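Colleague: Please walk me through this model. I'd like to begin with the charged pairs, and tell me what you count as one.

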Amino acid sequence: MIGTPTLLRSATAILALLSNVRAAPTLYACTKDTQCPPTNQTNSEMTKRAVAFDYNGNKVRGVNLGGWFVLEPWITPSIFGEWASSQTVVDEYTYTKTLGKAEAASRLQNHWNTFITQDDFNAIAQAGLNHVRIPIGYWAVAPLGDDPYVQGQLDVLDKAINWARGAGLKVMLDLHGAPGSQNGFDNSGKYGTIGWQQGDTVSQTLTALQNLANRYKGATDVVTAIELLNEPLGPRLDMGGVQDFYSKGSQTVKSASSDFAVALHDAFQTDWSGFGNGVDNVMIDTHQYQIFSPDEVGRSPAQHVSHACGLGPKLASTNKWIVVGEWTGAQTDCAKWLNGLGKGARYDGTFPDSRWTGDCAGKSTGTVANLSPDDKNNIRSYIEAQLDAYEQHTGWFFWTWKTESAPEWDMQDLLAGGLFPQPLNSRQHPGQCG
């Protein structure tokens with residue numbers, strides 16, 4: 001998720017910018033140096049089975065593990081702190097390029113091993129959730145020769161799959177960054193221009209999906225879905241090409257195992273009818289934020305709730321599985337570096353071409369415990385409304401499980417502070433969506 005244009009996430013904001021207990025299966029490493037086993041290979045863990053979650057009869061209640069295998073400065077500002085003044089390092093690409101492979105690998109290995117652990121998976125399950133969505137960059141599974149990125153993520157991801165199994169959680173693997181960047185956001189790995197769909201980048205992305213699917217085709221008891229690409233910026237891309245990629249990507253994933261569901265991000269399009277037609281076990285992923293344009297961030301708390309409730313009927317009428325794969329308790333964009341390293345916020349007028357709506361004090365950094373009583377009440381109300389709306393169809397993944405200091409976004413802290421319902425169907429503001 002998230003970064004400068006990084007968090008131009010809702011379709012409204014985009015258009016505004018344009019106008020303005022089983023044994024663990026064998027896990028295979030598929031890299032440029034290690035050939036994957038053929039997709040027709042079978043063993044005791046690769047017997048034929050259906051998608052291992054009933055997406056028709058049960059609700060997805062999940063959380064994203066953002067900032068773990070794909071860096072985002074606002075989630076872990078301490079990793080980027082030494083460049084706060086120079087602003088020469090703003091994403092994982094410039095981070096690894098600046099440090100060099102040896103130093104970057106050392107620092108990132110420590111981050112991967114400590115930021116999310118087995119305890120987190122157990123806590124997620126104890127909170128009543130049943131899924132995690134795990135972002136991963138193409139460079140982890142299909143690195144390119146001239147990339148500065150480093151590898152080693154997959155060894156930790158292998159452990160994560162087993163932690164999920166032990167906790168009773170299902171996993172959606174999300175290809176969060178593509179070669180060239182599919183959106184120019186820092187959460188794609190590389191902030192700036194959009195280079196995806198140029199040269200060999202699409203075929204390279206398909207290779208990454210093939211390697212990812214082949215690696216985990218024996219773990220479909222846990223890995224129930226693979227998302228082909230996070231947030232391709234449809235208004236700036238050839239949508240015909242995006243749909244063609246989705247068709248080929250679906251075939252690629254399902255050639256590894258028909259037991260994977262395939263998730264397709266809506267590319268910030270508001271008409272979902274053309275996505276995934278003719279694909280079995282397909283899921284649409286839409287991301288819903290109300291803070292990445294001046295008009296959205298200027299809404300009152302009641303207007304935020306009303307807008308969230310209004311999405312429910314549209315979700316309910318969709319003829320495919322559909323999840324809100326990213327959403328937040330935040331009604332402001334105050335979190336430090338949410339809009340990019342060194343950049344301000346629309347809410348307090350410090351972001352370019354924005355206007356003052358309110359004060360970011362207590363919301364830029366800090367903890368849920370230190371939010372004002374009004375902020376706490378508004379966040380709780382907003383979260384409840386979104387839960388009620390998004391469960392009118394397949395379900396949801398909150399963004400995100402853990403941050404270093406962003407209280408409106410940190411599910412772990414929101415749970416501890418009583419702002420995320422426990423149990424999940426508990427309501428302090430019942431009937432907001434009618």
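Modeller: A salt bridge here is a side-chain nitrogen of Lys or Arg within 4 Å of a carboxyl oxygen of Asp or Glu. Before the pairs, some ground rules. This is a predicted model, in which local features need pLDDT of at least 70 and side-chain atom pairs count only at pLDDT 80 or more, while totals for chains, interfaces and linings use all residues. Residues are numbered from 1 along each chain as its sequence is written, and side-chain values use heavy atoms, with hydrogens and water left out.

Colleague: Fine. How many salt bridges does the structure hold?

Modeller: The structure holds 16. One of them joins the side chains of Arg165 and Asp221, at 2.9 Å from N to O. That pair links distant parts of the chain, with Arg165 in helix α7 and Asp221 in the loop between α8 and β4 (223-227), 56 residues apart. Helices (H or I, at least four residues) and strands (E, at least two) are DSSP runs, numbered from the N terminus.

Colleague: Are Arg165 and Asp221 buried or exposed?

Modeller: Both Arg165 and Asp221 are buried. Buried means under 20% relative accessible area, exposed means over 50%, and partly exposed is in between, using a 1.4 Å probe and protein chains only.

Colleague: What about Glu391 and Arg61?

Modeller: Their side chains meet in a salt bridge too, at 2.7 Å from N to O. This is another link between distant parts of the chain: Glu391 is in the loop between α12 and β8 (395-398), Arg61 is in strand β1 (residues 60-64), and 330 residues separate them. Arg61 counts as partly exposed, at 26% relative accessibility.

Colleague: And where do Lys248 and Asp244 sit?

Modeller: Those two are in helix α9 (residues 239-256), four residues apart, which means about one helical turn between them. Lys248 is partly exposed at 39% relative accessible area, and Asp244 is partly exposed at 38%.

Colleague: Switching to cysteines. How many disulfides are there?

Modeller: Taking a disulfide as a pair of cysteine sulfur atoms within 2.5 Å, the count is two. In one, the sulfur atoms of Cys309 and Cys433 are 2.1 Å apart. Cys309 is in helix α11 (residues 301-316) and Cys433 in the segment after α13 (411-416), so this pair, 124 residues apart, links distant parts of the chain. Cys309 counts as buried at 11% relative accessibility, whereas Cys433 is partly exposed at 24%.

Colleague: Which parts does the pair of Cys334 and Cys360 tie together?

Modeller: Both cysteines lie in the loop between β7 (321-326) and α12 (373-390), so the pair ties together parts that are 26 residues apart in sequence. The sulfur atoms of Cys334 and Cys360 are 2.0 Å apart, and the link is left-handed, with -75° about the S-S bond. Cys334 is buried at 4% relative accessibility, and Cys360 is buried at 8%.

Colleague: Where is Ser188 found?

Modeller: Ser188 is in the loop between β3 (170-177) and α8 (201-216), and at 1% relative accessibility it counts as buried. Leaving out residues up to four places away in sequence, Ser188 touches several residues, among them Trp139, His176 and Gln182. Contact means heavy atoms within 4.5 Å.

Colleague: Why do you call α3 largely enclosed?

Modeller: Because six of the eight residues of α3 (residues 92-99) are buried. The buried residues are Glu92, Tyr93, Thr94, Tyr95, Thr96 and Leu99. They pack against α2 (77-80), α4 (101-114), α6 (138-141) and α7 (153-167). Just after α3, Gly100 takes a positive phi of about 85°.

Colleague: Last topic, the core. Which residues of the largest nonpolar core touch the most other members?

Modeller: Of its 115 residues, Trp68, Phe121, Ile134, Leu157, Trp409 and Phe420 do. Helix α7 gives the most to this core, with eight residues. A nonpolar core is a set of buried Ala, Val, Leu, Ile, Met, Phe, Trp, Tyr and Cys residues joined through side-chain atoms within 4.5 Å. Not counting residues up to four places away in sequence, Leu157 touches Phe69, Ile134, Ile136, Leu173 and Tyr216. A second, separate core has twelve residues, including Val60, Met172, Met283 and Trp321.
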